[in-house]
Each structure stands twice: as C-alpha cells, then as structure tokens.
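Please walk through this protein with me, from its overall layout to its surface, its loops, its charged pairs and its pockets.

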Amino acid sequence: MSTSDMRDIDDTVVAELTRLRESIDNIDAAVVHMLAERFKCTQQVGLLKARHHLPPADPSRESRQIARLRQLAETANLDPAFAEKLLNFIIAEVIRHHETLAGNTTAHETP
C-alpha cells in the first residue's frame with residue numbers, strides 16, 4: 001500500500017498497521033539471526049563429518065527432526081506441512097554445505 005493510498009485511512013488504522021509491520025520486521029530479523037546461528041552449528045557438524053569421513057546426510061536424524069518440527073508446529077498452531085517444507089529446504093542446504101565441506105576437507109586434511 002503506497003503512502004498516497006494510506007492518506008484516506010483512519011490514523012488509528014495506519015498506526016496499528018505500522019505497529020504490526022514493525023513487529024513483523026523484528027521477527028524477520030530474529031529469524032535471520034537464528035538461521036545464521038543454526039548454520040554456524042551445522043557448519044561445525046559438517047566439518048566433523050568430513051574429518052571422520054561420515055556421510056553428509058543422515059536420513060534417520062532428518063526424519064526424526066521433521067517429525068519433531070511437525071509436532072512443534074502443531075503445538076504452535078502453525079501448519080505442519082509448511083514447517084516440514086521449511087525444514088526440508090534448510091536440510092537440503094545443510095547437506096549441500098556438508099558435501100562441499102567433504103570435498104574441501106579431504107584435500108586439506110592434516111595427519
């Protein structure tokens with residue numbers, strides 16, 4: 001909604017819309033920071049896996065995590081299918097990072 005469109009809206013509505021959007025912006029920032037922290041941890045997991053020649057993917061852990069996240073989503077009144085799609089996207093990215101680390105670590109291993 002453009003500024004010109006908002007001229008015709010009651011000031012209290014504009015104020016509430018602004019307040020809600022500021023909350024959304026704050027939540028988005030928190031989500032990005034939490035994902036960054038998560039990827040820092042998964043980076044360490046990937047390095048550990050690469051050093052010990054473990055596979056980048058762990059399907060049984062991934063299945064447990066999906067089930068766990070679906071349950072958390074239900075409890076939080078979030079669509080479990082959406083939560084699963086989000087986690088699958090994140091897992092795919094983590095595996096891609098782990099595969100890259102596995103390729104790089106073997107070339108740089110120290111005795």
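Is V31 buried or exposed, or does it fall in between? V31 counts as partly exposed, because its relative accessibility is 43%, where buried means under 20% relative accessible area, exposed means over 50%, and partly exposed lies in between (1.4 Å probe, protein chains only).

Before going further, note that this is a predicted model, in which local features need pLDDT of at least 70 and side-chain atom pairs count only at pLDDT 80 or more, while totals for chains, interfaces and linings use all residues. Residues are numbered from 1 along each chain as its sequence is written, and side-chain values use heavy atoms, with hydrogens and water left out.

The protein has four helices and zero strands, and so reads α-α-α-α along the sequence, with helices (H or I, at least four residues) and strands (E, at least two) taken as DSSP runs numbered from the N terminus. Of the 111 residues in the protein, 17% are buried.

V31, the residue of the opening question, is found in helix 2. Together with I27 and L35, V31 forms a nonpolar patch on the surface, and the three residues have about 240 Å² of accessible area together. Such patches are made of residues with over 30% relative accessible area and no salt bridge, with like charges joined within 9 Å and nonpolar side chains (Val, Leu, Ile, Met, Phe, Trp, Tyr) joined within 5 Å; the accessible areas come from the Shrake-Rupley method with a 1.4 Å probe, and for residues only the protein chains shown count as cover.

H53, which is placed in the loop between helix 2 and helix 3, has a positive phi of about 55 degrees although it is not a glycine, and at 56% relative accessibility H53 counts as exposed.

Turning to charged pairs, the structure holds four salt bridges, each being a side-chain nitrogen of Lys or Arg within 4 Å of a carboxyl oxygen of Asp or Glu. One of them joins the side chains of E16 and R19 at 2.7 Å, N to O, and these two residues are separated by about one helical turn because they stand three residues apart in helix 2. E16 is partly exposed at 36% relative accessibility, and R19 is partly exposed with a relative accessible area of 42%. Another salt bridge is formed by E37 with K40, whose closest N and O atoms are 3.1 Å apart; E37 and K40 are also three residues apart in helix 2, and therefore about one helical turn separates them.

How far apart are the N and O atoms where the side chains of E84 and R70 meet in a salt bridge? The distance in the salt bridge of E84 and R70 is 2.6 Å, and this pair links distant parts of the chain, with E84 in helix 4 and R70 in helix 3, 14 residues apart. E84 is partly exposed at 25% relative accessibility, as is R70, with a relative accessible area of 29%.

The pockets come last. On a 1 Å grid over the protein atoms alone, a cavity is a set of points where a 1.4 Å probe fits but cannot get out, whereas a pocket is an open set with protein on both sides within 12 Å along at least five of seven lines, and lining residues have an atom within 4 Å of a point. Grid points are joined across faces, edges and corners, and a volume is the space filled by probe spheres set on the points.

The largest pocket has a volume of about 480 Å³ and is lined by 16 residues, of which L35, R38, L69, L86 and I90 lie nearest its centre. The elements that give two or more residues to this lining are helix 2 (11-51), helix 3 (59-75) and helix 4 (80-107). Its lining residues divide into 13 nonpolar, one polar and two charged, where Ala, Val, Leu, Ile, Met, Phe, Trp, Tyr, Cys and Pro count as nonpolar, Asp, Glu, Lys and Arg as charged, and the others, Gly among them, as polar.

The second largest pocket has a volume of about 350 Å³, and of the 15 residues that line it, T42, V45, R61, V94 and H98 are the closest to its centre. The lining of the second largest pocket divides into seven nonpolar, three polar and five charged residues.
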